[in-house]
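Work through the exercises below with the model open. Each task is followed by a solution in steps.

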Amino acid sequence: ATRQRMTDVLRGLGFVVPDSQANFVWATRADRPLQPLYEQLKSQRILVRYMNYPKWGDGIRISVGTDEQIDACLSLLKSLL
C-alpha cells in the first residue's frame, strides 16, 4: 500500500513512475535533470539513489520505507519542485 501511495503521489508531482512489484520505485522526469534534486534530498538527510542509465535515463530510485519515511520524502519533494 505504501509503494502504491508513493507511486501515485510521485505521478501527481509530474514524475514518470513505472508500476513496480519491488521494494523500490524508479522515478524520472523529462523536464529537468534529477541529480540536483537528489543532492537537495541528500542535504536534508533523505537518502535515495540517483542513477543515469542509457536505457532508463536520468532518475531516482526510492526504496519503500515506513509510512513516516515516505511522508518525509514526499513532503520534501513537494517543497523542492
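**Exercise 1.** How do the residues of the lining of the largest pocket divide into nonpolar, polar and charged?

*Solution.* The model is predicted: local features need pLDDT of at least 70, side-chain atom pairs count only at pLDDT 80 or more, and totals for chains, interfaces and linings use all residues. Residues are numbered from 1 along each chain as its sequence is written, and side-chain values use heavy atoms, without hydrogens and water.

Step 1. Find the pocket (on a 1 Å grid over the protein atoms alone, an open set of points where a 1.4 Å probe fits, with protein on both sides within 12 Å along at least five of seven lines). The largest one holds about 210 Å³ of space.

Step 2. List the lining (residues with an atom within 4 Å of a point). There are 13 residues, and Ile46, Leu47, Ser63, Gln69 and Ile70 lie nearest the centre. Strand S3 (57-63) and H3 are the elements that give two or more residues.

Step 3. Sort by class (Ala, Val, Leu, Ile, Met, Phe, Trp, Tyr, Cys and Pro are nonpolar; Asp, Glu, Lys and Arg are charged; the others, Gly among them, are polar). The lining has seven nonpolar, three polar and three charged residues.

**Exercise 2.** At what angle do H2 and H3 pack, and which residues make the contact?

*Solution.* Step 1. Take helix H2 (residues 35-43) and helix H3 (residues 67-80): the angle is about 125 degrees, and the axes are 11 Å apart. H2 is therefore oblique to H3. The crossing is right-handed.

Step 2. Read off the contact (heavy atoms within 4.5 Å). H2 supplies Leu37, Gln40 and Leu41; H3 supplies Leu76, Leu77 and Leu80. By class, that contact has five nonpolar, one polar and no charged residues.

**Exercise 3.** How do H1 and H3 cross?

*Solution.* Step 1. The axes of helix H1 (residues 2-12) and H3 cross at roughly 5 degrees and come within 11 Å. So H1 is roughly parallel (under 35 degrees) to H3.

Step 2. Thr2, Arg5, Met6, Val9 and Leu10 of H1 meet Asp67, Ile70, Asp71, Leu74, Leu77 and Lys78 of H3. This contact has six nonpolar, one polar and four charged residues.

Terms used:
Axes fitted to C-alpha atoms, helices over the stretch in contact; angles between N-to-C directions. Helix = DSSP H or I, 4+ residues; strand = E, 2+ residues; numbered from the N terminus. Parallel < 35°, antiparallel > 145°, perpendicular 65-115°, else oblique. Left-handed = near helix turned anticlockwise from the far one by under 90°. Points joined across faces, edges and corners; volume = space filled by probe spheres on them.
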